[in-house]
Amino acid sequence: MARQPLGLTVDMAKYIMTQKLKGNKRFPMVLMLEPTEMCNLTCTGCGKIRQAPEVLKMRLSAEECFAAVDECGAPAVSIAGGEPLVHPEIVDIVKGMLERKN
């Protein structure tokens with residue numbers, strides 16, 4: 001059974017109640033952020049390996065990532081992609097997102 005910190009559960013509950021009180025029937029719970037398509041592996045089952053080289057080189061800047069977080073407003077962010085750790089600004093992106101939370 002997966003467990004999460006009590007604070008996270010409380011934050012999510014507050015977010016949901018706020019959205020319900022505003023009358024919003026649909027609202028984002030998780031932003032699936034893909035700052036880069038690039039990957040350092042060649043997993044056979046993954047479609048990324050079949051992408052055109054120009055697509056694999058595409059990436060969002062830290063500012064574009066922050067704009068997506070701000071626009072979405074979801075209380076949780078999942079950083080996926082290709083391999084987000086190969087993004088040259090990943091540390092700044094994560095730090096910036098954590099600063100926005102506080």
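The structure, a predicted model, holds one salt bridge. To see it, select D70 and R100, whose side chains meet with a distance of 3.0 Å from N to O. Residue D70 belongs to helix α3 (residues 62–72) and R100 to helix α4, so the pair ties together parts that are 30 residues apart in sequence. Side chains of opposite charge can pair when their charged atoms come close.

Please colour the two partners by accessibility. Are they buried, exposed or partly exposed? Residue D70 counts as partly exposed, at 49% relative accessibility, and R100 also counts as partly exposed, at 38%.

Next, select H87, in the loop between β2 (76–79) and α4 (90–101). Its relative accessibility is 3%, so H87 counts as buried, since buried means under 20%. Now display the neighbours of H87. Leaving aside residues up to four places away in sequence, H87 touches P35, T36, R59, L60 and I93.

Finally, move to E34, which is placed in the loop between β1 (30–33) and α2 (53–56). With a relative accessible area of 37%, E34 is partly exposed. Which separation will the viewer show between the C-alpha atoms of E34 and L60? These atoms are separated by 8.0 Å, although the two residues are 26 residues apart along the chain.

Key
Residues are numbered from 1 along each chain as its sequence is written. This is a predicted model: local features need pLDDT of at least 70, side-chain atom pairs count only at pLDDT 80 or more; totals for chains, interfaces and linings use all residues. Side-chain values use heavy atoms; hydrogens and water are left out. Helices (H or I, at least four residues) and strands (E, at least two) are DSSP runs, numbered from the N terminus. Buried means under 20% relative accessible area, exposed over 50%, partly exposed in between (1.4 Å probe, protein chains only). Contact means heavy atoms within 4.5 Å. A salt bridge is a side-chain nitrogen of Lys or Arg within 4 Å of a carboxyl oxygen of Asp or Glu.
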